[in-house]
Amino acid sequence: MIEVQNLTKRYGSQYAVRNISFRVEEGEIVGFLGPNGAGKSTTMNILTGYLSATEGVVKVNGHDVLEEPNEAKANIGYLPEQPPLYLDMTVREYLAFMYDLKKCKLDREKHIAEICRLVKIENVYGRLIKNLSKGYRQRVGLAQALIGNPPVLILDEPTVGLDPNQIIEIRDLIKRLGKHHTIILSSHILQEIEAVCDRIIIISQGTLVADDTAANLSAQYSGDRRLLVRVAGPEADVQRLLAGIPGVVRAASFGEKEAGVYEFAIEPAVGADIRRELFTRLASRGWALMGLRSMEMTLEDIFITLTRERLPQTAAVKKGRNEK
Ligand code: ADP
Ligand code: MG
């Protein structure tokens, strides 16, 4: 449904987006996740034809966004980061205006009424947009994106600035829309993406660093489960004992966590279950096992790892300061 190949956007010598490729199939809800400045809005603006790429190809439902912009755009409903609302119009006037602008062919009254029911803005239909709350404005923005019933919806940070109840409402609405539309939704908040999306694309500093389901990402990055153990015993001796257990690749100390109790991270070899041997050996020395748990990486950990690993500029700045 959407095909992005080697997309690059440069401003002068700065890359906002760098060589990004991905596909979105019909019916998917894909989350575009990345910290502020990662390049989410830039990518979405290019997908929707609002911004031209420096390099790369974008196809929507088979139509090249550059070569057949009208056909490509007709397939997309776009909710930009700043919805293009006319504050001095009523909701009715604005939706009629957008209907004309999009040259929509569907039955005007019926189509707009249907959308209003779907996004629940019937009760503010006659109100001026400037008098609406942020939550209602966002829904009017969504209504605008739905005019013409486009198969693809692109939503840029649709819940930014909303209160928790409004966030839940918009999420539910997006999930409902996902039954009939292919959706790309961006956010800098992991929970947001996790709650709504089938698949997660993580971008950091303009580069795609992950593209998978939440479950696969967790499985891939948690790798072989590391164990976190707490032992009451002399730190260095315990560490030596742990490192000597067959099947242990590494054992690192995290220091004293309770009086006389040290915490260690143990990395077992692939497939090795070291728990019995761990217990027996500690017991033979009289060192009590005070805690044992597996250190599975949460999606949050993965996100932080993937988006933090690439900060050479920040490191350079810090170094410069220290040298003075
Ligand atoms: P996100 O939406 O993920 O927060 P953006 O796509 O808005 O990120 O921005 C990506 C990068 O491109 C940022 O570093 C931003 O400063 C830069 N950028 C965006 N628009 C422009 C512009 N018009 N001129 C120069 N740099 C820009
Ligand atoms: Mg943005």
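A residue counts as exposed when its relative accessible area is over 50%, and as partly exposed when the value falls between that and the 20% limit for buried residues. These words are used in the legends below, which describe a predicted model.

**View 1. A salt bridge joins Lys130 and Asp88.** The closest N and O atoms of Lys130 and Asp88 are 3.0 Å apart. Lys130 belongs to the loop between α4 and α5, and Asp88 to the loop between β6 (76–79) and α3 (91–101), so the pair ties together parts that are 42 residues apart in sequence. Asp88 has a relative accessible area of 58% and is therefore exposed. Lys130, at 41% relative accessibility, is partly exposed.

**View 2. Helices α4 and α5 pack against each other.** Two packed helices are described by the angle between their axes and the distance between the axes. Here α4 (residues 108–119) and α5 (residues 134–146) pack at an angle of about 140 degrees, and their axes are 10 Å apart. The two helices are therefore oblique to each other. The crossing in which α4 passes α5 is right-handed. On the α4 side the contact is made by His111, Ile115, Leu118 and Val119, and on the α5 side by Arg139, Leu142, Ala143 and Leu146. Six of these contact residues are nonpolar, one is polar and one is charged.

View 3. Side chains of opposite charge can pair when their charged atoms come close. Glu25 joins Glu3 and Arg23 in a network of salt bridges.

**View 4. Arg108 pairs with Asp100 in a salt bridge.** The closest N and O atoms of Arg108 and Asp100 are 3.0 Å apart. Arg108 is partly exposed, with a relative accessible area of 32%. Asp100 also counts as partly exposed, at 45% relative accessibility. A search of the whole structure finds 16 salt bridges, among them the bridge of Arg108 with Asp100.

Key. Residues numbered from 1 in each chain as written. Chains lettered and ligands numbered in written order. Predicted model: local features only at pLDDT ≥ 70, side-chain atom pairs only at ≥ 80, totals over all residues. Heavy atoms only, no water. Axes fitted to C-alpha atoms, helices over the stretch in contact; angles between N-to-C directions. Helix = DSSP H or I, 4+ residues; strand = E, 2+ residues; numbered from the N terminus. Parallel < 35°, antiparallel > 145°, perpendicular 65-115°, else oblique. Left-handed = near helix turned anticlockwise from the far one by under 90°. Contact = heavy atoms within 4.5 Å. Nonpolar A, V, L, I, M, F, W, Y, C, P; charged D, E, K, R; others polar. Salt bridge = Lys/Arg side-chain N within 4 Å of Asp/Glu carboxyl O. Buried < 20%, exposed > 50% of the residue type's maximum accessible area, 1.4 Å probe, protein only.
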